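Subject: Handover of a structure and findings

Dear colleague,

Please find below the structure that I am handing over to you. The findings follow directly after it, and I would be grateful if you read them with the model open.

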Amino acid sequence: MALLPLPTIIAPGIGVLRAPNPSEMTLDGTNSYLLFDPAAGELAPGTPVVLIDPGPELEEHLQALAVFDIQLVLITHRHADHTGGIDALRRMAAAPVRAKLPEYCRDAPVLADGEVIHAAGASIQVLSTPGHTSDSVCFIRQGERAHLFTGDTVLGRGTTILEHPDGTLADYLDSLQRLLALPDMALHPAHGEQHESSHPLLQMYIEHRQSRLDQVRAALRKLGKAGADTQPAELLEHVYPDLDARLVGAATHSLEAQLHYLSVNP
């Protein structure tokens, strides 16, 4: 029988196990985070943990998570590369599951903005951060050094899509500003690399969104059109001239969100 993959310890009391689901949207794969009591030292089988995002329904990945004593599962948002493994994992480890949407909860209430959860030796604050999706949340592992878990709200590299109309640019910009207003801390995304500092990445995300809005405004002026009566397809080649064909759908969603924002905030 093949050995199960092992989590990587990235900070005291925090391990990460990446699901083998790489793609242009998931980057290297979905990061599942295991939060445990730093006093435990190592993350050994049977260690009590809080799991952030079980990831997709991939048996080996879920089996590797289930060797730990999962006290609670937290969900950053509804997309299947984060939630697909919920019920298969529940058959292996019957832990309660909490999410912003009730349909992803199991034997536990929905998450409330600002609440602090105490489990498996960890204190975790919930932050509602809509924009990528309306149900997106981030988590702060509290302690002497805080750690921010951003789901798809902020990725380890590149930028995230906005699933308009469910996710709106106004909400997203507000969420980025909310995160930037926090003290600087280590940032752990659902896809991509870890970051020792949150503020530089958050500032880059905000500047990128403002730059995109300027590009859309310029394209609208060139076309002699207003945002309210423009289709995203008309802007693709102006805003994303070298776009990978596999990303047309994601770019279209983002343009829809930008056009909607500019119709209210010209």
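In this predicted model, the largest pocket has 25 lining residues, and those nearest its centre are Met-25, Thr-159, Thr-160, Ile-161 and Ala-250. The space inside the largest pocket amounts to about 500 Å³. Sorted by class, its lining consists of 9 nonpolar, 10 polar and 6 charged residues. Helix H7 provides the largest share of this lining, with 4 residues. H5 and H7 each contribute at least two residues to the lining.

The second largest pocket has a volume of about 200 Å³. It is lined by 16 residues, and Ala-11, Pro-12, Ile-14, Arg-145 and His-147 are the closest to its centre. Its lining divides into 6 nonpolar, 6 polar and 4 charged residues. Strand E1 (8-11) and strand E11 each supply at least two of the lining residues.

I turn next to the helices. Two packed helices are described by the angle between their axes and the distance between the axes. How do the axes of H5 and H7 cross? Helix H5 (residues 198-223) and helix H7 (residues 248-264) have axes that come within 10 Å and cross at roughly 75°. Because angles from 65 to 115 degrees count as roughly perpendicular, H5 is roughly perpendicular to H7. On the H5 side, the contact is made by Arg-209, Arg-212, Leu-213, Val-216, Arg-217 and Leu-220. On the H7 side, Ser-254, Leu-255, Gln-258, Leu-259, Tyr-261 and Leu-262 take part. This contact of H5 with H7 has 7 nonpolar, 2 polar and 3 charged residues.

H7 also meets helix H6 (residues 232-239): the axes of H6 and H7 come within 9 Å and cross at roughly 105°. That angle makes H6 roughly perpendicular to H7. From H6, the residues involved are Pro-232, Leu-235, Leu-236 and Val-239. They meet Val-248, Ala-251, Thr-252, Leu-255, Glu-256 and Leu-259 of H7. In this contact, 8 residues are nonpolar, 1 is polar and 1 is charged.

The next topic is a sheet. Strands of a sheet pair through backbone hydrogen bonds, either parallel or antiparallel. Here 5 strands, in the order E7-E8-E9-E10-E11, form an open sheet with mixed pairing. Which strands stand at the edges? They are strand E7 (116-119) and strand E11 (186-189); each has a single partner strand, so one side of each is left without a neighbour in the sheet. On average, neighbouring strands of this sheet are turned by 25° against each other, direction ignored. Within the sheet, strand E9 (residues 137-141) and strand E10 (residues 147-151) run antiparallel and are joined by 3 bridges. Leu-148 in E10 is the bridge partner of Ile-140.

Two points of backbone geometry remain. Most residues other than glycine have a negative phi, and most peptide bonds are trans. The bond between His-164 and Pro-165, however, is a cis peptide bond, with omega about 10°. Pro-165 belongs to the loop between E10 and helix H4 (169-180). Leu-27, although not a glycine, has a positive phi of about 55°. Leu-27 is located in the loop between strand E2 (14-18) and strand E3 (31-35).

With kind regards

Methods: Residues are numbered from 1 along each chain as its sequence is written. This is a predicted model: local features need pLDDT of at least 70, side-chain atom pairs count only at pLDDT 80 or more; totals for chains, interfaces and linings use all residues. Side-chain values use heavy atoms; hydrogens and water are left out. Axes are lines fitted to C-alpha atoms, for helices over the stretch in contact, and angles run from 0 to 180 degrees between N-to-C directions. Angles under 35 degrees count as roughly parallel, over 145 as roughly antiparallel, 65 to 115 as roughly perpendicular and the rest as oblique. Contact means heavy atoms within 4.5 Å. Ala, Val, Leu, Ile, Met, Phe, Trp, Tyr, Cys and Pro count as nonpolar, Asp, Glu, Lys and Arg as charged, and the others, Gly among them, as polar. Two strands pair if DSSP finds at least two bridges between them. On a 1 Å grid over the protein atoms alone, a cavity is a set of points where a 1.4 Å probe fits but cannot get out, and a pocket is an open set with protein on both sides within 12 Å along at least five of seven lines; lining residues have an atom within 4 Å of a point. Grid points are joined across faces, edges and corners, and a volume is the space filled by probe spheres set on the points.
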